[in-house]
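User: I'd like to go through this model with you, one piece at a time. Can we begin with how the chains meet?

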Amino acid sequence: MSVVTEVTTDKDTATGSDRTSSWAALRSGRGLVGAVLVGLVVLAGLLAPILAPFAPDQQIPGAALQAPSGDHLLGTDSVGRDVLSRTLYGIRIDLLVIFLAVPAGAAIGSILGLVATRYHWLDTAMQRSFDLILAFPTIILAIALTMVIGPGVWTIATVIILAEVPVFGRLTRTAVLTVRQSPYVEAARAIGADEGWILRRHVLPNCLEPLTVQLALAMSVGVFIEGAMSFLGLGVVPPTPSLGSLIKEGTQNAYHSPFFVVGPLTVVLVLVLGLLLISQALAARSRQR
Amino acid sequence: MIRYALRRLPSALAVLAVGSVVIFALLRLVPGDPALILAGPDASPEALAALRHDLGLDGSQIGQYFSWLAGILTFDPGRSLILGGDIGSLVLDALGNTLILAVSALLVAIVLAFTLSTVSVILDRKWLNSAVTAFGTVAVAIPNFVTGAILVVLFGVVWAILPAGGVPRKGFLDDPGISVQYLLLPALCLALPIAAALTRFLTEGLRSQLAEPYVTTARALGISRRRIVLTQALPNALPATVTVLGIQIGHLLGGAVLVEAIFAWPGLGHLIERAISTRDYPVVQVMLLFSVALFVLIQLATDLINAWLDPRIRLGGRA
């Protein structure tokens, strides 16, 4: 029984490309739930101008710190702005972080890791500098960078890229070195394939799998870094809303309006859990094969 | 053992040395002349020069670096610009509060992780296993500031049974009952992700140990599952767990910054945050170096404990 299924999956991978199978992980079970959760948040952020009942920085006079009502589904903040609208717009910062900063960091890290496997001196230098970056806790790194370049969305992006480059650099390096030693690469080399062709045809496709799993994890780390930095006042500058700064304001005003914090908290939880489910589905998929 | 320690030492020192140069250089890039900010716009050139000398900002950059480093090595890290007072005493005051928080969080995390993983492995019930696995994966992923906000709003405001922040006014030793109340929420908030990571690794470690042949032998001898897990599998699963614990302790300071901000806890994280917001850069410089030193030290300690627990690492050719 097991022999039969193994043969068929082997055939599958031989005919189909890696990309289709990693999308397939998102079409059922945990992966589907995760994709739906993340998709909902992404849609809410993209459609913020249509969905939001008010402008994110519109102050409604005399409506400070109201409890949820028909007019303001999630209540209002301390200067009378609609929390629902601010939450929807706040998601956009996280979308920027998830879909631009994290992939950028991942790409730079992977390329560095790949290049490092070709030159020994570069490898040593890169490993040591990765050690050094990893010796700073991410939040401390964020604080130091904010001192130098000031708070803002670009500071968040820089911190995320700096934090992800060593992670992806190491992962790619290990993956490439492992694949290069596998029998089929030796076989390809033995029949006279040149290194560039081996890299494109064998090494890169087989390294992609651990990298996609890590990418989903890195995205949830990105959400964490954005939230933490904005929470500490190192991220987006007011009055621009972000999920982290909304949670901070919500906690500070909890005595007057305990419902304030519920909306942004739910969004962060849904986003993080969705990304976690996706990464687990991808990891389970790659373990199966 | 000593030989192993000596072999690990140079690379740790190298990271520390390069780290100190990077920190020093980074803070030279901060816009604004601290002497000018401190003296005010009306200060005479002589007063400015005197202040620069006082702050150790005269002379070449390399000279400044070494006098800064010498100051730290002789436990005299200099004076704070804005927060006031000696950096050494500022750091020491904050360090005490952070240590109390960190040690309590670690204790909570270790007790939680060991109980959950040993109980779930010994009992081996399906529902318990999936509950523990869910805890191990979900609690790692949820950011500190989210759990912190939930804890504050739930237990500090909605069902107000615990203080939502701060430290006991008369110190921690005055009334242990009150101190525990103040500690409970921040320690739990800091402990949850650590406990989750530990639980996951320890449970996996115990399971893979139980698949080993020596466990089959022990079982054939009629030894109970509980005893096998506690006396045989647990010690063998420890080295990997210690590594995870070391990594988690290394991230503790970063986590503490957030948790201290949420719960208004006057520790190192709070000090860093205040120093940043007031641009008190000598304090920031010392704190950054401190955090790197802490990380390097913890990594070294982790390696040494592992070498002590597992002779294969200690005697192996690859260090």
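User: How many residues does the contact take from chain B and from chain A?

Analyst: Bearing in mind that this is a predicted model, the contact takes 33 residues from chain A and 37 residues from chain B.

User: Which helices of chain B supply at least two residues each to the side that touches chain A?

Analyst: On chain B, these are helix H1 (2-28), helix H6 (126-141), helix H7 (144-158), helix H11 (252-262), helix H12 (268-277) and helix H13 (281-309). The largest share of that side comes from H7(B), with 8 residues.

User: Staying with H7(B), how do its axis and that of H11(A) lie relative to each other?

Analyst: The axes of H7(B) and helix H11 of chain A, which covers residues 243-252, come within 10 Å and cross at roughly 20°. Angles under 35 degrees count as roughly parallel, and the two helices, H11(A) and H7(B), are therefore described as roughly parallel to each other.

User: Is the crossing left-handed or right-handed?

Analyst: H11(A) passes H7(B) in a left-handed crossing.

User: Which residues meet there?

Analyst: From H11(A) there are Gly244(A), Ile247(A), Gly250(A) and Thr251(A), and they meet Phe145(B), Ala149(B), Val152(B) and Val153(B) of H7(B). The residues of this contact divide into 5 nonpolar and 3 polar, with no charged residue.

User: Changing topic to chain B as a whole, how many helices and strands are there?

Analyst: Chain B has 14 helices and 0 strands. Its C-alpha atoms fill a box of roughly 85 × 60 × 35 Å, taken along the principal axes.

User: What percentage of chain B counts as buried?

Analyst: Of its 319 residues, 35% count as buried. As for the contacts in chain B with a separation of 6 or more, 70% of them are between residues 24 or more positions apart.

User: Why does Leu69(B) count as partly exposed?

Analyst: Leu69(B) has 15 other C-beta atoms within 10 Å, and a residue is buried at 20 or more such atoms, exposed at 12 or fewer, and partly exposed in between.

User: How far is Leu69(B) from Gly246(B)?

Analyst: The C-alpha atoms of Leu69(B) and Gly246(B) are separated by 27 Å, and the two residues are 177 residues apart along the chain.

How values were computed
Residues are numbered from 1 along each chain as its sequence is written. Chains are lettered from A and ligands numbered from 1 in the order in which they are written. This is a predicted model: local features need pLDDT of at least 70, side-chain atom pairs count only at pLDDT 80 or more; totals for chains, interfaces and linings use all residues. Two residues are in contact if their C-beta atoms, placed from the backbone, lie within 7 Å. Helices (H or I, at least four residues) and strands (E, at least two) are DSSP runs, numbered from the N terminus. Axes are lines fitted to C-alpha atoms, for helices over the stretch in contact, and angles run from 0 to 180 degrees between N-to-C directions. Angles under 35 degrees count as roughly parallel, over 145 as roughly antiparallel, 65 to 115 as roughly perpendicular and the rest as oblique. A crossing is left-handed if the near helix is turned anticlockwise from the far one by less than a right angle, and right-handed if clockwise. Ala, Val, Leu, Ile, Met, Phe, Trp, Tyr, Cys and Pro count as nonpolar, Asp, Glu, Lys and Arg as charged, and the others, Gly among them, as polar.
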